[in-house]
Structures are given as C-alpha cells and as structure tokens.
Amino acid sequence: MQCAMIASTRAPVTVRPASAPRSRVVVRCASEQINPDIQKDSAKVATIMKTSEFEKKGVFCRCWRSGTFPMCDGSHMKHNKATGDNVGPLIIDKSE
C-alpha cells in the first residue's frame, strides 16, 4: 500500500488563541477512507436539516462512526481513544 504525505502550513482551527501558526504533516494512505460505512451506495453524503428540527441545540457527528448519523452518539470518544485523534461533534446552539 502506498501512502501520500500532505504538508500543511495552516494552523488547526482552535477555540483558544494560537500564539503562532503551526505546521503539521498528515500522512494518509490513498486507500484509507474516513467514512467506514455510512451511505456507501451514495456518490456523496450530504444532510440538510432545518434548525426548527431540534429544540435548543443540534449535536452532529464529524467522526463518521455514529450509529445515529448525522447526529452524534458519542462514538468519537472510542475512536479518539483508539487512534489518539481529537475529533468531536459539531454543536449548533439555537439559544439567543
């Protein structure tokens, strides 16, 4: 299996102030897919939800491992522990 190395000079998105942009190197094998099994028969997975569909906030999966996709079920915690990753959900808060 051949792997490609992709270098990025952009700093990761953080909620804390970054003192300086950090460089990072991501190594991903060409055959490695981030989506293990969600809607694999579709050319692209895209979900549209109206904010009226949830009461106060919507918590959406970004790890592709949720059993309730597109909603988060906490599966990222197991993924992070197994891989050392730091992925978490997208949270949309409707409160004013």
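These legends describe close-up views of a predicted model.

**View 1. Helix 1 has a buried face.** Helix 1 covers residues 75-83. His76, His79 and Asn80 are its buried residues. Seen down the helix axis, the buried residues fall within an arc of 100 degrees, so they line one face of helix 1. The other side of the helix carries exposed residues: Met77, Lys78, Lys81 and Ala82. Just after helix 1 comes Gly84, with a positive phi of about 80 degrees.

View 2. Asn80 sits in helix 1. Its relative accessibility is 17%. Buried means under 20%, so Asn80 counts as buried. Which residues does Asn80 contact, leaving aside neighbours within four places in sequence? They are Asp85, Asn86 and Val87.

**View 3. Ile92 in strand 4.** Strand 4 spans residues 90-93 and includes Ile92. Ile92 is partly exposed, at a relative accessible area of 33%. Residues up to four places away in sequence aside, Ile92 touches Phe54, Lys56, Lys57, Gly58 and Phe60. Take Lys57, one of these contacts. Lys57 and Ile92 are 35 residues apart in sequence. In space, their C-alpha atoms are 5.4 Å apart.

**View 4. The loop between strand 3 and helix 1 holds Trp64 and Pro70**. Strand 3 comprises residues 57-60. Most residues other than glycine have a negative phi, and most peptide bonds are trans. Trp64 is not a glycine, yet its phi is positive, about 70 degrees. Phe69 and Pro70 are joined by a cis peptide bond. Its omega is about 15 degrees.

**View 5. Gln39 has a positive phi**. Gln39 lies in the loop between strand 2 and strand 3. Strand 2 covers residues 24-29. What is the phi of Gln39? The angle is near 45 degrees, a positive value in a residue other than glycine. Is Gln39 buried, partly exposed or exposed? Gln39 is partly exposed, with a relative accessible area of 38%.

Definitions and conventions. Residues numbered from 1 in each chain as written. Predicted model: local features only at pLDDT ≥ 70, side-chain atom pairs only at ≥ 80, totals over all residues. Heavy atoms only, no water. Buried < 20%, exposed > 50% of the residue type's maximum accessible area, 1.4 Å probe, protein only. Helix = DSSP H or I, 4+ residues; strand = E, 2+ residues; numbered from the N terminus. Arc of directions from axis to C-beta. Contact = heavy atoms within 4.5 Å.
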